[in-house]
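Subject: Handing over a structure

Dear colleague,

I am passing the structure below on to you, and my notes on what was found in it follow directly after. Please read them with the structure open beside you.

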Amino acid sequence: MKCIYIDPPYNTGNEGWVYNDNVNSPEIRRWLGEVVGKEGETLDRHDRWLCMMYPRLVLLKQFLRDDGAIFVSIDDNEVGNLQTLMREVFGSANEIATVVWEKGKKGDSKLVSVTHEYIVAFARNKALLKEHKVRWRRKKPGVDAVLDQYEQLREKHGDNHALVRKEMMDWYRALPKGDPRKAHKHYNWSDGRGLYFPDNFHGPDDGRENRPRYPILHPVTQQPCAIPSTGWRWEESTTKAALAEDPPRIHFGKDHTTIPNRKSYLAEVDEEPMMSVFYKDGRAATLEVEAILGTGAFPFPKDSEVIADLIGMVAEPGDLVLDSFGGSGTTAHAVLKLNQNSGRAIRFILVELNEDVARNKTCQRVRRVIEGYTPLAGKKRFRVEGLGGGFQFCALSTEPLFTADGQIREDVTFAQLSEFVWFTETGTGYRKQKKRSPLLGIHEGRAVYLLYNGILDDLAIDSGNVLTGVVLDRLPKHDGPRVIYAAACRLGTPRLNREGIVFKQTPYALDVSP
């Protein structure tokens, strides 16, 4: 996994999550059962939360790539414990930051109005990110909408940049206060390259007296322009190169009495690092989910735009994102938003233990944002276009596939094992075949076979449980590489290499333990 985002229970004392402590000592059970107040204030409240989180974080670490990162949402109830726990699991050297998310401007507290939550961020290997000079950047809020508006005006007015500027400024003024698009209102000039802001390239006022001071001729008056008191930031050769471009990257005033500026194009500065403190109204996420699933569908969902920012900083097209507390499906929604303008999609896996939530909330939300929907709540009733994409819904068996000592259970069917083998090899869901066959399918040119419990009619050594020359001759043919799972192999390495076969022993090749 390149990126993991989870939104675990906050342990406020009001959740319905259940943790099986698996402690058999009567003394410990008696201690765990003592209550000093309401249910959420048991003596072991934080212990239970930590015991729930620790094995999950250890497992998530195993799934995370060396260049990956994990983000965990939390609030004041457990933020200190979470930070300590993640430092133990991931290592203090891999801590990135604890981001403060301000979600509201008001609160109903009689003492201090708590309007924020946290996002704790850790890298799998921070030193590796530094070595590879990795830079995390997110799209500036509102930039895409501003650039879309500009492109519409360019189509309407062509190269009449004065008229484009006038209508861009009118558009900015009409935006409501606080709209993220309004933050880019200074980008209202344009030329053949795009929308820009005339930014100065004065030399910094740092007391140095040897700043470059050279003449820049005004294109109309052909007179030297005014020079800033601190000189120029750029050397003369850099300015000449900027002037030589078509269109020039230098912005001039009406005559030489004004100081020229450099052109800062919005399309070239549309990204920024995530700030350690940011504001995003928490109500937006609730309204979004209720429009998709109905009023009161899911309490306290996360904002898909914020999660898209997190994932977009780390993951690239083709990468895999995991959310092991799937909930309302925000992570999938965020990934689908990121994939809209990408030729190759980021993939996602969501895990949700509550079957009702998984089927009727998580799954339904993902399906509706893919296919499009008419809002079920709110004032808007026009159809929202789908984001496109697809997903598979898979349910875990109620019984584990393996016994406690790591062996496959005797009552496991060939179909159940086929699903597990196929997913192990391909990372995709298995579609059952009409006729049972040792050839499970072909994935990216590679055939996957499973020989198990009489697939070729009996359990004799020359039938289906052991890979022999006779068995190999009876298998469905494939002209390409093959992976064959079996209890044992009687073929030598030279023949396996000649035949393009990779042999994997069942069940050991399916072991998913660390």
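The protein has 14 helices and 21 strands, where helices (H or I, at least four residues) and strands (E, at least two) are DSSP runs numbered from the N terminus. Please bear in mind that this is a predicted model, in which local features need pLDDT of at least 70 and side-chain atom pairs count only at pLDDT 80 or more, while totals for chains, interfaces and linings use all residues. Residues are numbered from 1 along each chain as its sequence is written, and side-chain values use heavy atoms, with hydrogens and water left out.

Of the 514 residues of the protein, 42% count as buried, a term that means under 20% relative accessible area with a 1.4 Å probe and protein chains only. The accessible surface comes to about 28,800 Å², and 51% of that surface belongs to carbon and sulfur atoms. Among contacts (heavy atoms within 4.5 Å) with a separation of 6 or more, 62% are accounted for by residues 24 or more positions apart.

Two helix pairs share helix H11 (residues 355-371). Helix H8 (residues 283-293) packs against H11 at an angle of about 85°, with the axes 9 Å apart; axes are lines fitted to C-alpha atoms, for helices over the stretch in contact, and angles run from 0 to 180 degrees between N-to-C directions. H8 and H11 are therefore roughly perpendicular to each other, a description used for angles of 65 to 115 degrees. In this pair, Glu288, Val289, Ile292 and Leu293 of H8 meet residues of H11 including Asn360, Gln364 and Arg368.

The axes of helix H10 (residues 330-339) and H11 come within 9 Å and cross at roughly 20°, which makes H10 roughly parallel to H11, as angles under 35 degrees are counted. Here Thr330, Ala332, His333 and Leu336 of H10 meet Arg365, Val366, Val369 and Ile370 of H11. The residues of this contact of H10 with H11 divide into 5 nonpolar, 2 polar and 1 charged, with Ala, Val, Leu, Ile, Met, Phe, Trp, Tyr, Cys and Pro taken as nonpolar, Asp, Glu, Lys and Arg as charged, and the others, Gly among them, as polar.

Finally, Arg482 lies in strand S19 (residues 482-486) and is buried, with a relative accessible area of 8%. Leaving aside neighbours within four places in sequence, Arg482 is in contact with Ala447, Tyr449, Leu472, Glu499, Gly500, Ile501 and Val502.

Notes. Buried means under 20% relative accessible area, exposed over 50%, partly exposed in between (1.4 Å probe, protein chains only). Accessible areas come from the Shrake-Rupley method with a 1.4 Å probe; for residues, only the protein chains shown count as cover. Angles under 35 degrees count as roughly parallel, over 145 as roughly antiparallel, 65 to 115 as roughly perpendicular and the rest as oblique.
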